[in-house]
Amino acid sequence: MKSAVILFPGSNRDRDMIKALEQISGQPVATVWHTQTELPEADLYVLPGGFSYGDYLRSGAIAARSPIMGAIKSAAQQGRYVLGVCNGFQMLTEAGLLPGALMRNASLHFVCKEVMLQTTSNNSAFTSKMEKNGIWRCPVAHHDGNYFADEATLKTLENDGRVAFRYAQGTNPNGSINDIAGITSENGRVLGMMPHPENLIEALHGGVEGRAMFESVMAHLDAA
Amino acid sequence: MKARVTVTLKNGVLDPQGKAIEGSLAALGFSGIEGVRQGKVFDLELTSTSKEKADEEIKAMCEKLLANTVIENYAVEML
(Lines give C-alpha, C1' and ligand atoms only; values in the text may rest on other atoms or scores of the structure.)
Protein backbone atom coordinates (compact mmCIF):
# COMPACT_ATOMS: atom_id res chain seq x y z
CA MET A 1 0.00 0.00 0.00
CA LYS A 2 1.37 3.34 -1.09
CA SER A 3 0.33 6.17 1.14
CA ALA A 4 0.75 9.92 1.40
CA VAL A 5 0.22 12.21 4.38
CA ILE A 6 -0.86 15.81 3.80
CA LEU A 7 0.90 18.40 5.96
CA PHE A 8 -0.75 21.61 7.11
CA PRO A 9 0.66 24.41 9.24
CA GLY A 10 -0.28 23.26 12.73
CA SER A 11 -0.47 19.52 11.99
CA ASN A 12 1.13 17.66 14.89
CA ARG A 13 0.12 14.01 14.51
CA ASP A 14 1.63 13.73 11.05
CA ARG A 15 4.78 11.96 12.24
CA ASP A 16 2.82 9.43 14.26
CA MET A 17 0.75 8.70 11.18
CA ILE A 18 3.77 8.42 8.88
CA LYS A 19 5.50 6.04 11.31
CA ALA A 20 2.39 3.89 11.63
CA LEU A 21 1.91 3.72 7.86
CA GLU A 22 5.59 2.89 7.29
CA GLN A 23 5.50 0.09 9.82
CA ILE A 24 2.26 -1.44 8.62
CA SER A 25 2.76 -1.08 4.88
CA GLY A 26 6.53 -1.62 4.88
CA GLN A 27 6.83 1.21 2.35
CA PRO A 28 8.07 4.78 2.55
CA VAL A 29 5.31 7.34 2.99
CA ALA A 30 5.09 10.44 0.81
CA THR A 31 4.35 13.82 2.34
CA VAL A 32 2.54 16.64 0.61
CA TRP A 33 2.55 20.28 1.67
CA HIS A 34 -0.93 21.84 1.69
CA THR A 35 -0.05 24.52 -0.89
CA GLN A 36 0.54 21.91 -3.58
CA THR A 37 -2.23 21.25 -6.04
CA GLU A 38 -1.29 17.76 -7.16
CA LEU A 39 -1.01 14.53 -5.22
CA PRO A 40 1.68 11.91 -5.71
CA GLU A 41 0.46 8.50 -6.85
CA ALA A 42 -0.81 6.63 -3.80
CA ASP A 43 -3.56 4.28 -2.67
CA LEU A 44 -4.31 6.02 0.59
CA TYR A 45 -4.24 9.75 1.35
CA VAL A 46 -4.25 10.78 4.98
CA LEU A 47 -5.20 14.06 6.63
CA PRO A 48 -3.50 13.87 10.03
CA GLY A 49 -4.41 15.23 13.43
CA GLY A 50 -3.31 18.51 14.90
CA PHE A 51 -4.45 22.08 15.02
CA SER A 52 -4.19 23.32 11.46
CA TYR A 53 -4.26 27.13 11.36
CA GLY A 54 -4.59 27.16 15.14
CA ASP A 55 -8.23 26.03 14.82
CA TYR A 56 -9.03 29.59 13.71
CA LEU A 57 -12.59 30.23 12.51
CA ARG A 58 -13.63 26.58 13.04
CA SER A 59 -11.45 23.50 13.47
CA GLY A 60 -10.31 22.31 10.06
CA ALA A 61 -12.20 25.08 8.24
CA ILE A 62 -9.23 26.89 6.72
CA ALA A 63 -7.27 23.71 5.94
CA ALA A 64 -10.36 22.35 4.18
CA ARG A 65 -10.10 25.27 1.73
CA SER A 66 -6.36 24.99 1.10
CA PRO A 67 -5.05 24.33 -2.44
CA ILE A 68 -4.36 20.59 -1.97
CA MET A 69 -7.96 19.89 -1.01
CA GLY A 70 -9.11 20.17 -4.62
CA ALA A 71 -6.87 17.23 -5.44
CA ILE A 72 -8.11 15.32 -2.38
CA LYS A 73 -11.69 15.82 -3.52
CA SER A 74 -10.88 14.55 -7.01
CA ALA A 75 -9.03 11.55 -5.54
CA ALA A 76 -12.05 10.73 -3.37
CA GLN A 77 -14.35 11.04 -6.38
CA GLN A 78 -12.10 8.63 -8.26
CA GLY A 79 -12.55 6.10 -5.47
CA ARG A 80 -9.18 6.52 -3.78
CA TYR A 81 -8.96 5.83 -0.06
CA VAL A 82 -8.94 8.92 2.12
CA LEU A 83 -8.54 8.86 5.88
CA GLY A 84 -8.95 11.85 8.19
CA VAL A 85 -8.06 11.45 11.83
CA CYS A 86 -9.04 14.04 14.46
CA ASN A 87 -8.27 17.40 12.78
CA GLY A 88 -8.37 15.44 9.52
CA PHE A 89 -11.96 14.36 10.26
CA GLN A 90 -12.84 17.99 10.93
CA MET A 91 -11.32 18.91 7.55
CA LEU A 92 -13.30 16.20 5.74
CA THR A 93 -16.60 17.48 7.14
CA GLU A 94 -15.63 21.11 6.44
CA ALA A 95 -14.68 20.15 2.88
CA GLY A 96 -18.02 18.42 2.38
CA LEU A 97 -16.41 15.01 1.79
CA LEU A 98 -18.25 13.68 4.82
CA PRO A 99 -21.58 14.97 6.15
CA GLY A 100 -22.20 16.69 9.48
CA ALA A 101 -19.94 18.85 11.62
CA LEU A 102 -17.65 18.54 14.62
CA MET A 103 -18.50 20.98 17.36
CA ARG A 104 -16.96 21.99 20.67
CA ASN A 105 -16.95 19.11 23.19
CA ALA A 106 -20.11 19.21 25.31
CA SER A 107 -17.96 19.43 28.46
CA LEU A 108 -16.08 22.38 26.90
CA HIS A 109 -12.90 20.62 28.03
CA PHE A 110 -10.07 19.37 25.87
CA VAL A 111 -10.10 15.58 26.31
CA CYS A 112 -6.94 13.50 26.19
CA LYS A 113 -7.56 9.94 27.28
CA GLU A 114 -8.40 6.42 26.24
CA VAL A 115 -11.92 5.55 25.17
CA MET A 116 -13.58 2.30 24.17
CA LEU A 117 -14.70 2.05 20.57
CA GLN A 118 -17.17 -0.30 18.99
CA THR A 119 -16.75 -1.19 15.34
CA THR A 120 -20.37 -0.66 14.41
CA SER A 121 -20.07 -1.64 10.81
CA ASN A 122 -17.46 -3.67 8.98
CA ASN A 123 -18.71 -3.15 5.45
CA SER A 124 -16.24 -0.39 4.55
CA ALA A 125 -12.74 -0.55 3.13
CA PHE A 126 -11.41 0.60 6.50
CA THR A 127 -13.24 -1.89 8.67
CA SER A 128 -13.49 -5.06 6.57
CA LYS A 129 -10.82 -6.85 8.65
CA MET A 130 -12.34 -5.74 11.92
CA GLU A 131 -14.75 -7.72 14.03
CA LYS A 132 -18.28 -6.34 13.75
CA ASN A 133 -19.41 -4.99 17.12
CA GLY A 134 -15.92 -5.67 18.44
CA ILE A 135 -14.86 -3.35 21.25
CA TRP A 136 -11.36 -1.90 21.32
CA ARG A 137 -9.65 0.87 23.18
CA CYS A 138 -8.16 3.86 21.46
CA PRO A 139 -6.76 7.23 22.53
CA VAL A 140 -8.53 10.51 21.81
CA ALA A 141 -7.14 14.03 22.11
CA HIS A 142 -9.39 16.83 20.96
CA HIS A 143 -11.43 19.88 21.83
CA ASP A 144 -13.93 19.75 18.98
CA GLY A 145 -15.07 16.17 18.55
CA ASN A 146 -18.76 16.56 19.25
CA TYR A 147 -20.27 15.12 16.07
CA PHE A 148 -23.51 16.68 14.89
CA ALA A 149 -25.68 16.04 11.88
CA ASP A 150 -29.33 16.80 11.16
CA GLU A 151 -31.92 14.08 11.62
CA ALA A 152 -32.18 13.13 7.96
CA THR A 153 -28.39 12.81 7.61
CA LEU A 154 -28.15 10.73 10.78
CA LYS A 155 -30.87 8.42 9.55
CA THR A 156 -29.00 7.89 6.28
CA LEU A 157 -25.70 7.25 8.07
CA GLU A 158 -27.29 4.77 10.46
CA ASN A 159 -29.43 2.98 7.88
CA ASP A 160 -26.59 2.65 5.39
CA GLY A 161 -24.12 1.30 7.94
CA ARG A 162 -21.91 4.35 7.57
CA VAL A 163 -21.24 4.78 11.29
CA ALA A 164 -17.93 2.94 11.40
CA PHE A 165 -17.10 3.49 15.05
CA ARG A 166 -19.06 4.43 18.13
CA TYR A 167 -17.86 5.33 21.62
CA ALA A 168 -18.77 2.32 23.77
CA GLN A 169 -19.32 1.49 27.41
CA GLY A 170 -20.24 5.03 28.38
CA THR A 171 -16.92 6.49 27.22
CA ASN A 172 -18.34 9.15 24.85
CA PRO A 173 -15.83 11.91 25.66
CA ASN A 174 -17.43 14.79 23.76
CA GLY A 175 -21.23 14.55 23.65
CA SER A 176 -21.19 13.28 20.06
CA ILE A 177 -24.68 12.48 18.77
CA ASN A 178 -25.48 8.73 18.73
CA ASP A 179 -21.99 8.23 20.29
CA ILE A 180 -20.53 8.60 16.79
CA ALA A 181 -16.71 8.41 16.69
CA GLY A 182 -16.18 7.80 12.97
CA ILE A 183 -18.17 7.74 9.74
CA THR A 184 -17.55 6.68 6.16
CA SER A 185 -18.54 8.06 2.78
CA GLU A 186 -21.20 6.46 0.62
CA ASN A 187 -18.63 4.28 -1.15
CA GLY A 188 -16.93 3.37 2.14
CA ARG A 189 -13.57 4.68 0.95
CA VAL A 190 -13.44 7.93 2.88
CA LEU A 191 -13.27 7.57 6.65
CA GLY A 192 -13.20 10.31 9.24
CA MET A 193 -12.71 9.53 12.91
CA MET A 194 -11.79 11.48 16.04
CA PRO A 195 -9.77 8.73 17.86
CA HIS A 196 -6.14 8.01 16.97
CA PRO A 197 -5.63 4.40 15.74
CA GLU A 198 -2.13 5.41 14.57
CA ASN A 199 -1.16 5.59 18.24
CA LEU A 200 -1.99 1.96 18.90
CA ILE A 201 0.04 -0.04 16.45
CA GLU A 202 2.97 -1.49 18.37
CA ALA A 203 3.47 -3.24 21.70
CA LEU A 204 5.20 -0.20 23.17
CA HIS A 205 1.94 1.72 22.73
CA GLY A 206 0.35 -0.79 25.08
CA GLY A 207 -1.58 -2.47 22.31
CA VAL A 208 -1.88 -3.01 18.58
CA GLU A 209 -5.64 -2.63 18.20
CA GLY A 210 -5.21 0.26 15.76
CA ARG A 211 -3.54 -1.92 13.14
CA ALA A 212 -6.68 -3.70 11.96
CA MET A 213 -8.00 -0.55 10.37
CA PHE A 214 -4.93 -0.02 8.17
CA GLU A 215 -4.75 -3.74 7.43
CA SER A 216 -8.36 -3.59 6.22
CA VAL A 217 -7.37 -1.05 3.56
CA MET A 218 -4.41 -3.21 2.53
CA ALA A 219 -6.66 -6.26 2.21
CA HIS A 220 -9.11 -4.20 0.16
CA LEU A 221 -6.27 -3.20 -2.16
CA ASP A 222 -5.05 -6.76 -2.54
CA ALA A 223 -8.55 -7.89 -3.41
CA ALA A 224 -8.96 -5.16 -6.02
CA MET B 1 -18.04 49.79 1.89
CA LYS B 2 -18.37 48.12 5.24
CA ALA B 3 -20.46 45.16 6.20
CA ARG B 4 -21.03 43.10 9.29
CA VAL B 5 -21.66 39.37 9.14
CA THR B 6 -23.17 37.69 12.17
CA VAL B 7 -22.91 33.91 12.41
CA THR B 8 -25.08 32.08 14.91
CA LEU B 9 -25.83 28.44 15.62
CA LYS B 10 -29.01 27.08 14.09
CA ASN B 11 -31.95 26.33 16.31
CA GLY B 12 -31.76 22.81 17.63
CA VAL B 13 -27.95 22.75 17.59
CA LEU B 14 -26.67 22.45 21.14
CA ASP B 15 -24.47 25.32 22.25
CA PRO B 16 -22.39 24.23 25.25
CA GLN B 17 -20.46 27.51 25.20
CA GLY B 18 -23.69 29.50 25.38
CA LYS B 19 -24.79 27.27 28.28
CA ALA B 20 -21.54 27.92 30.13
CA ILE B 21 -21.92 31.69 29.60
CA GLU B 22 -25.50 31.48 30.83
CA GLY B 23 -24.31 29.66 33.96
CA SER B 24 -21.61 32.23 34.55
CA LEU B 25 -24.05 35.14 34.18
CA ALA B 26 -26.36 33.49 36.68
CA ALA B 27 -23.42 33.02 39.05
CA LEU B 28 -22.73 36.76 38.79
CA GLY B 29 -26.24 37.42 40.01
CA PHE B 30 -27.95 38.27 36.71
CA SER B 31 -31.37 36.76 37.03
CA GLY B 32 -34.12 36.35 34.47
CA ILE B 33 -31.96 34.88 31.71
CA GLU B 34 -33.89 32.34 29.70
CA GLY B 35 -31.05 31.36 27.42
CA VAL B 36 -27.74 32.42 25.88
CA ARG B 37 -26.59 31.50 22.38
CA GLN B 38 -23.15 32.66 21.33
CA GLY B 39 -21.85 33.33 17.85
CA LYS B 40 -19.31 35.22 15.77
CA VAL B 41 -19.14 38.64 14.20
CA PHE B 42 -17.04 39.51 11.13
CA ASP B 43 -16.52 43.13 10.08
CA LEU B 44 -15.62 43.31 6.41
CA GLU B 45 -14.22 46.23 4.48
CA LEU B 46 -14.84 45.93 0.77
CA THR B 47 -13.59 47.83 -2.23
CA SER B 48 -16.88 47.32 -4.02
CA THR B 49 -19.02 50.42 -4.54
CA SER B 50 -22.13 48.56 -5.61
CA LYS B 51 -24.25 47.48 -2.69
CA GLU B 52 -25.92 44.77 -4.71
CA LYS B 53 -22.64 43.30 -5.84
CA ALA B 54 -21.19 43.45 -2.34
CA ASP B 55 -24.26 41.72 -0.96
CA GLU B 56 -23.85 38.94 -3.47
CA GLU B 57 -20.14 38.58 -2.75
CA ILE B 58 -20.65 38.45 1.00
CA LYS B 59 -23.32 35.79 0.65
CA ALA B 60 -20.85 33.69 -1.34
CA MET B 61 -18.18 34.26 1.35
CA CYS B 62 -20.61 33.12 4.02
CA GLU B 63 -21.60 30.01 2.11
CA LYS B 64 -18.02 29.09 1.25
CA LEU B 65 -16.13 29.95 4.41
CA LEU B 66 -17.49 32.27 7.09
CA ALA B 67 -20.33 29.99 8.16
CA ASN B 68 -20.65 26.24 8.28
CA THR B 69 -24.20 26.01 7.03
CA VAL B 70 -24.57 22.51 8.46
CA ILE B 71 -24.76 24.04 11.92
CA GLU B 72 -24.77 27.81 11.48
CA ASN B 73 -26.95 30.61 10.11
CA TYR B 74 -25.60 33.94 8.94
CA ALA B 75 -26.97 37.46 8.62
CA VAL B 76 -25.43 40.29 6.59
CA GLU B 77 -25.77 43.94 7.52
CA MET B 78 -24.41 46.74 5.34
CA LEU B 79 -22.88 49.45 7.51
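How much area do chain B and chain A bury between them? In this predicted model, the two chains bury about 1,200 Å², 68% of it on carbon and sulfur atoms; buried area is the accessible area (1.4 Å probe) lost on putting two parts together, summed over both. Residues are numbered from 1 along each chain as its sequence is written, and chains are lettered from A in the order in which they are written. Local features need pLDDT of at least 70, side-chain atom pairs count only at pLDDT 80 or more, totals for chains, interfaces and linings use all residues, and side-chain values use heavy atoms, without hydrogens and water.

The contact (heavy atoms within 4.5 Å) draws 17 residues from chain B and 13 residues from chain A. One salt bridge is counted between the chains, the term meaning a side-chain nitrogen of Lys or Arg within 4 Å of a carboxyl oxygen of Asp or Glu. It joins B:Glu72 to A:Arg58, with the closest N and O atoms 3.7 Å apart. On the side of chain B that touches chain A, the residues divide by class as follows.

| Class | Residues on the chain B side |
|---|---|
| Nonpolar | eleven residues |
| Polar | three residues |

Methods: Nonpolar A, V, L, I, M, F, W, Y, C, P; charged D, E, K, R; others polar.
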